[in-house]
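Welcome, and please open your viewer. This tour goes stop by stop, telling you what to select and what you will find there.

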Amino acid sequence: MMTFEEIGIEERLVKAVTDLGYVNPTPIQEKAIPVLLSGTKDFIGLAQTGTGKTAAFGLPLLDLIDVAARHPQALVVCPTRELCLQIVSELELFKKYMTGMSVVAVYGGTSIGLQIRDLKKGVQVVVATPGRLIDLIERKAINLEQIKYVVLDEADEMLNMGFQDDIEFILQNTPKRDSTWLFSATMPQEIRRVSKKYMNQPVEVTVGKMNTANKNIDHQFYVTNAQHRYESLKRLIDFNPGIYGIIFTRTKLDAQQIADKLTREGYDIDALHGDLTQGQRDKVMGDFRDRSLQLLIATDVAARGIDVKDITHVINYELPDDIEVYTHRSGRTGRAGNTGICMSIVHSREIGRLRQIERIVQAPFHKLEIPTGKDVCRKQFFHFMDKLLQTDISHGDYETYMPTLSEKFADISKEEVLKRVAAMEFDRFLKYYENAEDLNVRERPIQRDRESGRGVRTSPTTNRFQQEGDTRRDTRGRTFGGNNGEFQRLFVNLGTKDGFYKASFLQFILDMSELNKESLGKVDMKEMNSWVEVDRRVATQMIQSIDGKKYKGRRIRMNDANSR
Ligand code: AMP
């Protein structure tokens, strides 16, 4: 693996990235920086946010700039104001030892006068959104005559947003550029065409999609009906009390309406979409970054390029129209060595598309059950108990109040105090989930056709079967399953400690083995291990498809329980 010194960037930049904790260049940096440092080669980098592409162009750009010359020499064009600000803040960090280097952001929705003033101060690097840049060019407030380097960041997104003419206009108005550097997550025809027209034999580099490299993301999906989507979302949020997540919707309207609804119901959430003013967008992002908001709900375009650390969950309220977009979304989590979860709420008709996405992401998707009301309450309860036990009481002057407290509670037992504390927190959950319905859409089990003896699969239905204890029963209380009691008991080294509850565990082993529920009998889950009864005829299939596979980096062991 190369170091930043070996890659050829100058000492002050190496020092700055070392301060940032970068040890080695990322793959895109390793491939791009040596080419870009030449200053004259055109370059196409197929890489997504999260791969380190900002530094891949930012470092060589700063290296090439002549600090003594006080006019714009480099232009970075990107689709959104957020990305613009993000790029500038990264460049600021990289150039911290380069005195005299000036970088400015120009974007719409804010005073053009102030930006014109900034530009007049003699900046060398301009980071711009296309619309505002054109405005500045037309007002002759920016001189592109001496621009040597043009970087187009997230080119595919700029085209998606309708900036194609603007991009061409910008390229036509920078005639003296020595090189053009284009970064894009995908390579649609239009980008090919622009690159053919305006670039000269570009060096093209592709780095693996971040999610293919990112094994830290657990991809999960939940099947429900369209009318239960919102309720399912709530359930998933409630089932993950410590969540710090982004929810994606396809439309601005959905993002706003869901945010409003959830806010009314007491959730810390706000929406980010194109209909907000810049001031509103900044406020939302600021609140989310400093964690005043636990959840952000966004459209794809609005959230593009945003890099927020430590996102625990990404939730697809709906799958994106463009399946490639899934990787952009899921890549918001599981960054910098952390693990993350990407959940998709899908309709049974969308499972085919989900499998297509699975192939692109090259990671297995796990079908999990939408938690029941009881699951949610249990989870919230334990979370609350943990919080209670971990509460820091060393700072408050509680001793002063103790005599009064003791007196007040003299006749109440510890158990009762605990119950009351729990009730304060839980009543709303218990009440809300008291009669909560099952939101999962399940395949009807194969029923025996009495006449022919053949299996008949009926249409999908909601809540056809409930799980009661270890035995599955239909709504009239009859047990079912076509194995005549011929079960084999298997051992598996997964348990509740791995984050499973019974339903999710069953779904996990069924998904892995591609078997259906009819193959299962009793399931006995413990903290570290579980025992499952499986139809003898398919037990080997189950062992072969699960034993030796990995779950969260740990090897799964599954074998005949009697052979141990
Ligand atoms: P980007 O793809 O530019 O959005 O970068 C994603 C994240 O990776 C940013 O938070 C960067 O600070 C970080 N990053 C970029 N290059 C490196 C590197 N060589 N080592 C560690 N982190 C990096």
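Begin with strand β7, residues 203–206, and select Thr 206, which sits in that strand. Apart from neighbours within four places in sequence, Thr 206 is in contact with Lys 31 and Leu 46. Is Thr 206 buried or partly exposed? With a relative accessibility of 48%, Thr 206 counts as partly exposed.

**Stepping back**

Before going on, show the whole chain. Keep in mind that this is a predicted model. The protein chain contains 22 helices and 26 strands. Along the principal axes, its C-alpha atoms fill a box of roughly 80 × 75 × 45 Å. Of the 564 residues in the chain, 51% are buried. If you count contacts between residues at least 6 apart in sequence, 73% of them join residues at least 24 apart.

The accessible surface of the chain is about 27,400 Å², and carbon and sulfur atoms account for 50% of that. There are 81 positive and 79 negative side chains, with the centres of the two sets 3 Å apart.

**The ligand**

Next, select the ligand and the residues around it. How many residues surround the ligand? There are 14, and the closest are Tyr 22, Gln 29, Gly 50, Gly 52 and Thr 54. Zoom in on Tyr 22: a polar atom of its side chain lies 2.6 Å from an oxygen atom of the ligand. Then turn to Gln 29, where a polar side-chain atom is 2.7 Å from a ligand nitrogen atom. For Thr 51, show the backbone as well, as a polar backbone atom of Thr 51 is 3.1 Å from an oxygen atom of the ligand. Taken alone, the ligand would expose 500 Å², and the protein buries 79% of that.

**Two histidines in loops**

Select His 273, in the loop that runs between β10 (269–272) and α14 (278–289). His 273 counts as buried because its relative accessibility is 4%, under the 20% cut-off. Which side chain does the side chain of His 273 meet in a polar contact? The partner is the side chain of Gln 256, at 2.7 Å. Leaving out residues up to four places away in sequence, His 273 touches Lys 252, Ala 255, Gln 256, Arg 281, Thr 299 and Ala 302.

Now move to His 347, found in the loop between β13 (340–346) and α17 (351–361). His 347 is also classed as buried, with a relative accessibility of 14%. Beyond its neighbours within four places in sequence, His 347 is in contact with Val 223, Thr 224, Asn 225, Ala 226 and Arg 229.

**Two backbone angles**

Most residues other than glycine have a negative phi. Select Glu 154 to see a positive one, near 55°. Glu 154 is in the loop between β5 (149–152) and α8 (155–160), and Glu 154 is buried, with a relative accessible area of 2%.

For the last stop, pick Arg 291, in the loop between α14 and β11 (295–299). Arg 291 is not a glycine, yet its phi is positive, at about 70°. Is Arg 291 buried or partly exposed? Its relative accessible area is 45%, so Arg 291 is partly exposed.

Technical notes
Residues are numbered from 1 along each chain as its sequence is written. Side-chain values use heavy atoms; hydrogens and water are left out. Helices (H or I, at least four residues) and strands (E, at least two) are DSSP runs, numbered from the N terminus. Buried means under 20% relative accessible area, exposed over 50%, partly exposed in between (1.4 Å probe, protein chains only). Contact means heavy atoms within 4.5 Å. Accessible areas come from the Shrake-Rupley method with a 1.4 Å probe; for residues, only the protein chains shown count as cover. Lys and Arg count as positive and Asp and Glu as negative; His and the chain ends are not counted. The place of a charge is taken as NZ of Lys, CZ of Arg, CG of Asp or CD of Glu. A residue is near a molecule or strand if one of its heavy atoms lies within 4 Å of it. A polar contact is a pair of N or O atoms within 3.5 Å; within protein, one must be able to donate a hydrogen and the other to accept it, and residues adjacent in sequence count only if both atoms are side-chain atoms.
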